[in-house]
Each structure stands twice: as structure tokens, then as C-alpha cells.
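I am opening my notebook to record what I looked up in this structure, entry by entry.

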Amino acid sequence: MSKVTLPVVWLLLSWLGLTAVAVSADTVEKSDAKKNVVFILLDDLPTDNFGFVNPRLNTPNIDTLAEQGTYFPGAAVTTSLCSPSRATILTGMTTRNHRIVDNNDSSEDHLTYFPSYLQEAGYETAFIGKWHLGRKTDNPRPGFDYWVSFKGQGTYLPKGDFGENQTQTLNVNGEDVERTTYMTDELTNYQMHWLKELRDPSKPFFLYMSHKAVHTVCRPAQRHKNQYADLTMEIPDNAHNTEKNNRNKPMWVQNQRNSWHGSDIKHPQGLETMMDEKRDCDQVLSAVDDSVGVTLQYLKETGLDKNTMVVFFSDNGYLWGQHGLTDKRNAYEESVRVPMIVSLPGLVPEGKVSDARIRNLDLAPTFLAIAGVNAPEHFDGQNTLPIITGDASWEEWDQQDFVYEYYWEWTFPATPTTFSIVRDNMKYIQYHGIWDLEELYDLDKDPNEMNNLIFDEQYENVRVDLRERLYRQLTNNRGLNTVPYTERKSRGFVYRRESGADQARFPEQWMLETTPPGKPLDFPTVYEQAVKR
């Protein structure tokens, strides 16, 4: 792995005005009873955006974190959208139960966030960064002793990302404070101030560090602009609008190419411009890498590294052209899978790669377990601490079927309500409220999900079994199968390019043969086909 020494990164951030000043080792705190936790959450980060996975990129401090701990490339989210995913992390419940179903404003009044249970167990807690359960308010939430956040998506630059020159503010413990510098650096500044100056050193702590990065539209820090200017970004093979790539794909997938979350509208000059945007986001990640370096250096120099678990995660994956799509929301692997790294010397194996599918749903009960707190009964996730520490193997683990749910959002209506289940690495996807294909993939043989097996009679028993399992497991905590939605207030992002991809044709398997003149439709035959499982 490529490396940059942490003192260099520390000095660099000090030049930028961050107050991450080294603390001598004789200030080591004694906290043997309960582990501290630093939870680092990113936004829309794919699984392959690190130097230790992709040597073309330079992320020395994230690479160090992986060297010191365990990497979980199979980690996943049960809803791939900011607000629902973040609500799942905070509540330990599925989207159908916490009911933050999209990125529009929803009530949080009925929710209890897991840091409240940590407070009851004697932890001091801090939230710094992007909250984004809706857009309206950045007010402090219950469960956190220290609070720094902003409304909605926020901006990378203190005066706005698009030249609007508007004053941006942060909510610091209920007070509006003007922004001063690049978002990632500014959040890191608040983090280090709390760690060094404000928290009670006699208490164990839970730090929830929630970055804006690397959400598009990406604006790199000045020091990282042109970092990858000479790097050729590779366009995925399945990004192109070809008969091969479209074969047996649902119509909505083909039609979404010419939509706000497809390649035609955002990148009308060609897929190369999409790669330019990805280059910017990779450069944005470098500021997060600097922040991780500052955090690791502080923990090491204070001796807290020996008693602090660091967890690196993302709220969603992201598609950069795969299947002709951008953004997330859908049930494809690039959307659902997220990078996860966990480190704690002496407890978490070092330099290991685990194939365990730890979900965002499992984080809350796992964090409580680290603190010695039993998860409440209403949690839907599992305590995966035995998997993280290596005390249990994934093969022997009581694996729950991986169930995915996404509910249609009127603001961005191109993606339908989507349900999916993965069992024994067979994935079944079903859509609600649209006239379209189901999908079935063997992820072992077809990790890029290009060969839809839904019409393959050899897999009839598989698709029938997964359909039934999916329906049963999608019941909410009241035993009901319901599709929640929020109030529509405008037409949303419904745009298409006139010169973009045409609408998709219905699949040939659905086409009836021409009825001979003067003869009625052969209804019994049509019925037999319609009810075929």
C-alpha cells in the first residue's frame, strides 16, 4: 500500500487552520471497562474507491485503517437512499418500520436513536456532520451531548458550490455559526476540538462523524484539485446502450438511461464527462483521507487507539454508469454494497478481508454490544460483533436473508418501488406498481447482474421460493405488507432529452402470436401462461 506519513498530513491540516495539535502520550486515559467508538460515515461511496483496492488511487490513511483492521467488501444497506439509510443506522430498524421512506421531510418524533441508549450506559456522545433526515432543520437531536450539523445536503464550499456566494452556516449546539473553510476540513476541526477540549475524559465516548463527502456534485478541496488530472477513468463495460447490455433488462432500467439518474441527461457529451465527475469525487475523498489520518494520529498519540474501535462505512453505494445508470436507489450490487472497515487492536483481526454481509441495519445493535448494552426488542438488526472480532465465522453465522426495500419517491420518479432478496447468493428483484420484468441473478456466476434468469425454467423453483420468502419477510412490525409514501408537492425531476435513448420495448416473451382473422383470442392458453410460476 502506498503511504504518506501521518505527521505530514497533520502538519498540512494545521496549515489549513485545523486545531488537530498532537497530545503527548502521558495524557493516556484509562478506560478499560468500555470501548470508545469513532464511527466515520461517508455519503455515496462505492466499494472500490481506495488505494488498497484500486492502486490507481491514493488513500494512504484509509489504507492504514484497513491494514490495522478488517475490511468487509460485502457490507450492504437495506435501502440505498440517504435519509432511509441513515434512519436505519440510527434506529436499528428497517425502512418499513422507521418510516423515513425517502429524502423528503418526515416526522422523527416517533424514533429513538441508539446513542440515547449509550448515554444511559454512561457514554458521552457527539454528532458532527450531515444528518439529512429530510431538509428542513439542523437542530440538535436527542441522544447527542455535542452537536454540529447543517440543513439538507450542505455544500463543500462555505459560500456555496455553484458560485451563489451565499453565507452557509452550521448549527453548533443550537446556535448558527458561519462556515469558514472547506466542509470536510471544517467538520474535522470541530471533531478534534471536541475530542481534545470539550468531552469528559473520565467517560467512554461515541463519536458519530458524518461527512458530506463524497456526494455529487463534487467540489474537491483546493489542495486536491487536479490530483488525478492525468488518470484515465475506466467506463464500465455495461454502461453502453447496446442490445447485449439491454437484453432481459426491465424497461424502467432502459428508460432511466434518459432520465435525471441516467447517463443521457447528466452527460449528453458522452460517458467520458461522467468519468470527469467521478474524478472530482475521488479527489473529494482525499480530504476525508486526511481527516482519517488526523483521527488515527490523535488516537495513537493519546494511547486511545488501544481502546477505541474505528468503524468506516457509507450510507449508500453508487453507480457510475453501470446498466446506464447513475446515483443509487436500485437493488443492483453497485447501489446496495458499501465499504466497511473496522479497527481495534487486540480485538479486531488485522489485515483481514471478510466476506460477511454486515448491513447498516446491524450497526446499532453492534454498537450497543460494544458498550455492553442489550439491544431493545424493536431492533430489526443483528449484533455482528462476534463476526467483527473473528469469534464467529460468516459461514457458521445464522445469516438472515438479505432483504432490500426502496419506495418510489415523487421527487425522482424514474426509479420504481423495489424489493429484493438474496439467499445463497441468488438474488431476486421485484418491482411494485409498474408493468415490468422481475429479475433473478446468480451472483456467484454473474456478479455484474447481466444475465437475467427470470425466464430460465431451470430456476423455476428458485424464483418461486424467493418470491414467497420476500413477501413474508417484507411484513412490517404490525404484520402488514404496506407501501408507504410521502405527500407530493411538485412534478419533480421528470426530464428526458429529446435526442436521448428511446423508450424500451416490452420483452419478447410477453408478445402474443397474431390471432388468425375471424378467430377469438385463445384465452385458456394465455391464462395458462399468465399464472405460470
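**Entry 1: cysteines.** I looked up burial and found that Cys218 and Cys281 are both buried, where buried means under 20% relative accessible area, exposed over 50% and partly exposed in between, with a 1.4 Å probe and protein chains only. I noted that the model is a predicted one, in which local features need pLDDT of at least 70 and side-chain atom pairs count only at pLDDT 80 or more, while totals for chains, interfaces and linings use all residues. I also noted that residues are numbered from 1 along each chain as its sequence is written, and that side-chain values use heavy atoms, with hydrogens and water left out.

Cys218 and Cys281 are joined by a disulfide with an S to S distance of 2.1 Å, a disulfide being a pair of cysteine sulfur atoms within 2.5 Å. This link is right-handed, with 95° about the S-S bond. It connects distant parts of the chain, 63 residues apart: Cys218 sits in the loop between strand S7 (205-210) and helix H7 (243-246), and Cys281 in helix H10 (residues 271-302). Helices (H or I, at least four residues) and strands (E, at least two) are DSSP runs, numbered from the N terminus.

I then checked Cys82, which is in no disulfide, the nearest cysteine sulfur being that of Cys218, 12 Å away. Cys82 is buried, at a relative accessible area of 0%.

**Entry 2: two helices.** How do the axes of helix H2 (residues 60-68) and H10 cross? I found that they come within 7 Å and cross at roughly 50°, the axes being lines fitted to C-alpha atoms, for helices over the stretch in contact, with angles from 0 to 180 degrees between N-to-C directions. H2 is therefore oblique to H10; angles under 35 degrees count as roughly parallel, over 145 as roughly antiparallel, 65 to 115 as roughly perpendicular and the rest as oblique. Among the residues that meet are Ile62 and Leu65 in H2 and Leu285 and Leu296 in H10, contact meaning heavy atoms within 4.5 Å.

**Entry 3: the sheet.** I traced an open sheet of 10 strands with mixed pairing, in the order S6-S5-S4-S3-S7-S1-S8-S11-S2-S12; two strands pair if DSSP finds at least two bridges between them. Strand S8 (residues 308-314) and strand S11 (residues 341-343) pair in the antiparallel sense over 3 bridges, and Val310 stands opposite Ser343 in S11. H10, the helix that holds Cys281, lies across S1, S7 and S8 and runs at about 170° to S8.
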